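Dear colleague,

I am handing over the structure we spoke about, and my notes on what was found in it follow below.

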Amino acid sequence: SAMKKSPGKIRRPRKSKYLLRLYVNRSTLKSKLAVENIHRVCDEHLDGRYDLEVVDIYKNLPLARGDQIVAAPTLIKRLPAPLRRLIGDMSDEQRVLVGLDIRPQRAGRGDG
């Protein structure tokens with residue numbers, strides 16, 4: 001059976017979806033900040049084109065070991081390739097954008 005596409009939806013194939021996993025130690029302020037910061041950056045620059053999974057390293061040690069996590073917080077970008085990892089509280093937005101290879105949505109940033 002053929003799938004019907006809704007006429008109002010325009011597909012933009014070049015905009016790939018980001019698959020992110022953030023490893024945290026829930027009890028630390030740095031990890032809480034990392035979660036807030038990465039949500040803010042993604043909402044601002046990826047416009048819903050991302051899946052973010054937050055994993056507590058102590059509740060999921062096998063997964064953390066599999067991804068070779070040595071510090072928390074650590075952000076792993078699985079897709080689009082290449083795989084990247086960032087360590088820290090993600091407060092340096094420019095470093096996060098460069099690390100995840102995200103092109104900023106708007107050129108000029110107006111405060112206000």
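At what angle do helix α1 and helix α3 pack, and how far apart are their axes? This is a predicted model, in which local features need pLDDT of at least 70 and side-chain atom pairs count only at pLDDT 80 or more, while totals for chains, interfaces and linings use all residues. Residues are numbered from 1 along each chain as its sequence is written, and side-chain values use heavy atoms, with hydrogens and water left out.

Helix α1 (residues 29-45) packs against helix α3 (residues 93-100) at an angle of about 65°, the axes being 11 Å apart; α1 and α3 are therefore roughly perpendicular to each other (the term covers 65 to 115 degrees). On the α1 side the contact (heavy atoms within 4.5 Å) is made by I38, R40, V41, E44 and H45, and on the α3 side by E93, V96, L97 and L100.

N37, which also lies in helix α1, is buried, with a relative accessible area of 10% (buried means under 20%, with a 1.4 Å probe and protein chains only). Beyond its neighbours within four places in sequence, N37 is in contact with D89, M90 and S91.

Best regards

Methods: Axes fitted to C-alpha atoms, helices over the stretch in contact; angles between N-to-C directions. Helix = DSSP H or I, 4+ residues; strand = E, 2+ residues; numbered from the N terminus. Parallel < 35°, antiparallel > 145°, perpendicular 65-115°, else oblique. Buried < 20%, exposed > 50% of the residue type's maximum accessible area, 1.4 Å probe, protein only.
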